[in-house]
Amino acid sequence: QVQVVESGGGLVQPGGSLRLSCAASGIIFSTNVMGWYRQAPGKQREVVATINSGDSKNYADSVKGRFTISRDNAKNMVYLQMNSLKPEDTAVYYCNVKGSELLGQYDSWGPGTQVTVSS
């Protein structure tokens with residue numbers, strides 16, 4: 001069973017920056033698509049950014065030019081650098097990792113980390 005845990009959330013003022021980290025652990029054979037999602041109060045969970053094993057990246061229109069996703073394959077980690085944060089970025093941010101492990105394919109979510117952008 002692959003476990004995923006996020007870190008790096010917190011309170012930041014508008015215009016500020018935060019860096020989220022996500023670590024996947026277990027008997028992992030490969031990590032294919034790694035991504036960040038977020039869910040604001042009263043809204044559905046939405047994709048923020050994804051990165052595949054070939055390092056191809058996709059971003060939500062709302063974060064393009066401000067957020068950068070990256071990964072460290074050797075450590076099974078994915079990061080989200082968030083710059084120029086806005087109050088509307090406030091949400092719980094979730095990490096998702098898909099790949100293969102000892103028992104087959106996996107699709108694992110972390111418990112989430114709160115990001116609050118407020119003055």
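This is a predicted model: local features need pLDDT of at least 70, side-chain atom pairs count only at pLDDT 80 or more; totals for chains, interfaces and linings use all residues.
Which residue forms a salt bridge with R38, and how far apart are the closest N and O atoms? The partner is E46, and the closest N and O atoms of the two residues are 2.7 Å apart.

**Overall architecture**

The protein contains eleven strands and zero helices. Along the sequence, the pattern reads β-β-β-β-β-β-β-β-β-β-β. The radius of gyration is 14 Å, close to the 14 Å that the globule rule gives for 119 residues, so the protein is as compact as a globular protein of that length. Taken along the principal axes, the box filled by the C-alpha atoms is roughly 45 × 25 × 25 Å.

Of the 119 residues, 44% count as buried. The accessible surface of the protein amounts to about 6200 Å², and carbon and sulfur atoms account for 48% of it. Contacts between residues at least 6 apart in sequence were also examined: 56% of these join residues at least 24 apart.

**Charges and salt bridges**

The protein carries 11 positive and 9 negative charges, whose mean positions lie 4 Å apart. Side chains of opposite charge can pair when their charged atoms come close. The count of salt bridges in this model comes to four. Three of them are listed below.

| Acidic residue | Basic residue | N to O distance |
| E46 | R38 | 2.7 Å |
| D61 | K64 | 3.1 Å |
| D89 | R66 | 2.8 Å |

The surroundings of these pairs can be described through relative accessible area. In the pair formed by E46 and R38, E46 counts as partly exposed at 36% relative accessibility, whereas R38 is buried at 5%. The value for R38 falls under 20%, so R38 is classed as buried. In the salt bridge between D61 and K64, D61 is exposed, with a relative accessible area of 65%.

The salt bridge between D89 and R66 links distant parts of the chain, its two residues being 23 residues apart. D89 belongs to the loop between strand 8 (77-82) and strand 9 (91-101), while R66 belongs to the loop between strand 6 (57-59) and strand 7 (67-72). D89 is buried, with a relative accessible area of 0%. R66 is buried as well, with a relative accessible area of 10%. Through salt bridges that share partners, R38, E46, R66 and D89 are joined into one network.

Where does V97 lie? V97 is part of strand 9, and its relative accessible area of 0% places it among buried residues. Leaving aside neighbours within four places in sequence, V97 is in contact with V4, C22, A24, T31, V33, M34, Y106, D107 and S108.

**Loop residues**

Most residues other than glycine have a negative phi, and most peptide bonds are trans. D55 has a phi near 70°, a positive value in a residue other than glycine. D55 is placed in the loop between strand 5 (46-51) and strand 6, and it is partly exposed, with a relative accessible area of 45%.

S84 is not a glycine either, yet its phi is positive at about 50°. S84 is located in the loop between strand 8 and strand 9, the loop that also holds D89. At 41% relative accessibility, S84 counts as partly exposed.

Is Q44 buried or exposed? Q44 is exposed, with a relative accessible area of 72%, a value over the 50% cut-off. Q44 is found in the loop between strand 4 (28-39) and strand 5. Not counting residues up to four places away in sequence, Q44 touches R38 and Q39.

Technical notes:
Residues are numbered from 1 along each chain as its sequence is written. Side-chain values use heavy atoms; hydrogens and water are left out. Helices (H or I, at least four residues) and strands (E, at least two) are DSSP runs, numbered from the N terminus. The radius of gyration is taken over C-alpha atoms; the globule rule is 2.2 Å times the number of residues to the power 0.38. Buried means under 20% relative accessible area, exposed over 50%, partly exposed in between (1.4 Å probe, protein chains only). Contact means heavy atoms within 4.5 Å. Accessible areas come from the Shrake-Rupley method with a 1.4 Å probe; for residues, only the protein chains shown count as cover. Lys and Arg count as positive and Asp and Glu as negative; His and the chain ends are not counted. The place of a charge is taken as NZ of Lys, CZ of Arg, CG of Asp or CD of Glu. A salt bridge is a side-chain nitrogen of Lys or Arg within 4 Å of a carboxyl oxygen of Asp or Glu.
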